[in-house]
Amino acid sequence: MNPILIVKTGTTLASLASLGDFEDWICTGMDTDRADARVVSVFKGESLPRPKGLTGIVVTGSAAMVSHREPWSETTAAWLREAIDTEIPTLGICYGHQLIAHALGGTVGASPRGREMGSVEMTLEAGARDDPLLEGFAGRLQVHMSHTESVLRLPEGARRLGATTQDPNSAFAMGSAWGIQFHPEFDTEIMQGYLTARRAQLQTEGIDADQRLAAVLECPDGPSVLRRFRALL
């Protein structure tokens, strides 16, 4: 089997580097050996392979903004359109979720309700009941979030799969692609690390960082989604 391609669109915080990076946590969540994944750091200008023959694709999160339309991001979006057209299973996480939506004709921009960060409950839409990635969950998922931009308008023909109180387009599917705004690869230590690092920023936005820290939960639904995606390949 060809390796899973992880399209790396950014890195984690320097303060969390000792714990690994997005690709390490994604592989752990999928119960996949790191050697079985190929990582391409598109934000550094690394070239993506031809989609044909790939087993599956995961697009990571990033501190970048899809709405800024950086050249490397737009090039990746065009590549993703081709990959999804060839029906390769593709999962976009956070920035990856937004980038897939943008690539397929949706709209991405600043979240109208502001930053969404911490352990959050996502409610599944009726369409998730027979979705290969999200079927079988009991109507709600407890997940970790960290984003200031959102998918404001889904691509035409996309199926909305999940929503939170702050983001109505938290999960969607279209063709062979899924977008999930949450971070299924985060555990409690990582989520707490992000909240701690963003404490000053959160306070300026009127968000109680200590309250969010105290409310961080174990979110096993995230790794379950990653394992489900791995099983689809």
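Student: Do strands S6 and S9 run parallel or antiparallel?
Tutor: In this predicted model, local features need pLDDT of at least 70, side-chain atom pairs count only at pLDDT 80 or more, and totals for chains, interfaces and linings use all residues. Residues are numbered from 1 along each chain as its sequence is written, and side-chain values use heavy atoms, leaving out hydrogens and water. Strands are DSSP runs of E of at least two residues, helices runs of H or I of at least four, numbered from the N terminus, and two strands pair if DSSP finds at least two bridges between them. S6 and S9 (residues 159-163) are joined by 2 bridges and run antiparallel.

Student: Which strands stand at the edges of the sheet?
Tutor: The open sheet has the order S2-S1-S3-S4-S11-S10-S9-S6-S7, with mixed pairing. An edge strand here has a single partner, so one side of it is left without a neighbour in the sheet; the two are S2 (37-41) and S7.

Student: How many residues has the largest nonpolar core?
Tutor: Such a core is a set of buried (under 20% relative accessible area, 1.4 Å probe, protein chains only) Ala, Val, Leu, Ile, Met, Phe, Trp, Tyr and Cys residues joined through side-chain atoms within 4.5 Å. Among those with the most contacts inside it are Leu134 and Phe182, and its number of residues is 29.

Definitions and conventions: Buried < 20%, exposed > 50% of the residue type's maximum accessible area, 1.4 Å probe, protein only.
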